Structure formats: C-alpha cells, structure tokens
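This report covers helix packing, aromatic pairing and the surroundings of selected residues. Please look over the model before reading on.

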Amino acid sequence: MHPKQEELEERMALMCQALDNHLEDLYGDHYAVHPNRLKRGQGANPSFDGLFSTSMAFTLGYGSKYGRGYIVNVDVRTLDKVSQYDRVHITSSAFAFLKENLSKFFPDHELDVVQDGNVMKIIGDFGLGEV
C-alpha cells in the first residue's frame with residue numbers, strides 16, 4: 001500500500017476511535033456491556049471494548065447515488081434490547097460528530113458525511129495528491 005494511502009487509513013482509524021469515545025461518553029452507561037467484551041478502556045483500541053464498536057469500510061458505491069466512500073458502522077455491543085429511540089439518537093450523535101470533525105481529521109480533503117440509504121457514508125475527495 002502506498003504511504004499516502006496508509007496515512008489516509010490511519011486518520012480514518014483515529015477518527016473512528018474518537019467517534020467511539022464520543023459515543024461512550026454520551027451513552028456508555030445506558031446499557032450493560034456484552035459479557036464477552038472488555039470494560040471501556042481495557043482494550044488496545046476503543047472499538048474493542050465498552051458498549052460501542054465503531055468501524056469504517058471502503059465501498060466502491062455501486063448502486064449508490066453518492067458513489068464510493070467509507071461506510072460508517074456503529075454497533076451497540078449488549079445483550080439488552082436497545083430502544084428505537086436510543087438507536088436514532090446514537091446515529092444522530094454519530095452523524096453530528098462526523099460532520100463536525102471531518103475537517104479536523106482531514107484538513108486537506110473536501111469530505112462530507114451523508115445518509116446513503118440506511119447507512120452513514122463519508123464521501124468526497126479521497127485523492128492522495130502526487131504519489
């Protein structure tokens with residue numbers, strides 16, 4: 001992988017960890033953490049512990065009006081039934097966090113977060129410049 005692509009992926013991972021921490025701060029005590037997961041702060045990565053597991057995956061976007069981008073996954077790791085009300089608020093909080101912080105993590109890119117069908121997606125200029 002090209003070093004500039006590695007840097008882009010590393011920034012995505014850091015933003016994902018920040019999102020995870022943000023959601024833990026807001027909702028981490030709303031539900032019991034799944035018994036197979038570590039308590040918050042005990043894992044090597046915030047996505048591996050606590051109530052939330054966040055990740056991003058690149059998609060070419062076939063069939064999407066927005067095309068390629070990074071799909072944002074926010075999973076609640078609990079055996080409890082998560083209310084629809086909370087799911088909506090968690091998703092809204094994640095969306096707002098990404099909107100507010102994309103330019104901080106990617107100051108040299110024109111990126112946006114959109115609702116693409118039933119998923120959140122980061123879209124825009126992922127160009128690596130001169131490679």
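In which strand is Thr54 found? Thr54 is found in strand 1. The model is a predicted one, and every value below is computed from it.

**Thr54 and its surroundings**

At a relative accessibility of 4%, Thr54 counts as buried. Leaving out residues up to four places away in sequence, Thr54 touches Cys16, Leu19, Asp20, Leu23, Ser47, Asn73 and Val74. Two of these names return in the helix contact described next: Leu19 and Leu23 of helix 1 are among the residues that meet helix 2.

**Helix 1 and helix 2**

Two packed helices are described by the angle between their axes and the distance between the axes. Helix 1 covers residues 3–27 and helix 2 covers residues 84–105; their axes come within 10 Å and cross at roughly 140°. Angles over 145 degrees count as roughly antiparallel and those from 65 to 115 as roughly perpendicular; helix 1 and helix 2 are therefore oblique to each other. The crossing of helix 1 past helix 2 is right-handed. On the helix 1 side, the contact is made by Arg11, Leu14, Met15, Ala18, Leu19, His22, Leu23, Leu26 and Tyr27. Helix 2 contributes His89, Ile90, Ser93, Ala94, Phe97, Leu98, Leu102 and Phe105. Sorted by class, the contact has 13 nonpolar, 3 polar and 1 charged residues.

**Aromatic pairs**

The model has 2 aromatic pairs. One of them joins Phe58 and Tyr70 in an edge-to-face arrangement, with 5.3 Å from centre to centre and 70° between the planes. Phe58 lies in strand 1 (residues 52–59) and Tyr70 in strand 2 (residues 69–76), so the pair ties together parts that are 12 residues apart in sequence.

**Val113**

Val113 is found in strand 3, which spans residues 111–116. Val113 has a relative accessible area of 1% and is buried. Apart from neighbours within four places in sequence, the contacts of Val113 are Phe95, Leu98, Lys99, Leu102, Lys121 and Ile122. Among these, Leu98 and Leu102 also belong to the helix 2 side of the contact with helix 1.

Which of the two helices holds Asn101? Asn101 is found in helix 2 and counts as buried at 9% relative accessibility. Asp25 has its place in helix 1. With 57% relative accessibility, Asp25 counts as exposed.

**C-alpha separations**

| Pair | Separation in sequence | C-alpha distance |
|---|---|---|
| Val113 and Ala44 | 69 residues | 27 Å |
| Asn101 and Thr78 | 23 residues | 27 Å |
| Asp25 and Glu110 | 85 residues | 28 Å |

Taking the residues by element, Asp25 belongs to helix 1, Asn101 to helix 2, Thr54 to strand 1 and Val113 to strand 3.

Key:
Residues numbered from 1 in each chain as written. Predicted model: local features only at pLDDT ≥ 70, side-chain atom pairs only at ≥ 80, totals over all residues. Heavy atoms only, no water. Axes fitted to C-alpha atoms, helices over the stretch in contact; angles between N-to-C directions. Helix = DSSP H or I, 4+ residues; strand = E, 2+ residues; numbered from the N terminus. Parallel < 35°, antiparallel > 145°, perpendicular 65-115°, else oblique. Left-handed = near helix turned anticlockwise from the far one by under 90°. Contact = heavy atoms within 4.5 Å. Nonpolar A, V, L, I, M, F, W, Y, C, P; charged D, E, K, R; others polar. Phe/Tyr/Trp six-rings, centres within 6.5 Å; stacked < 30°, edge-to-face > 60°. Buried < 20%, exposed > 50% of the residue type's maximum accessible area, 1.4 Å probe, protein only.
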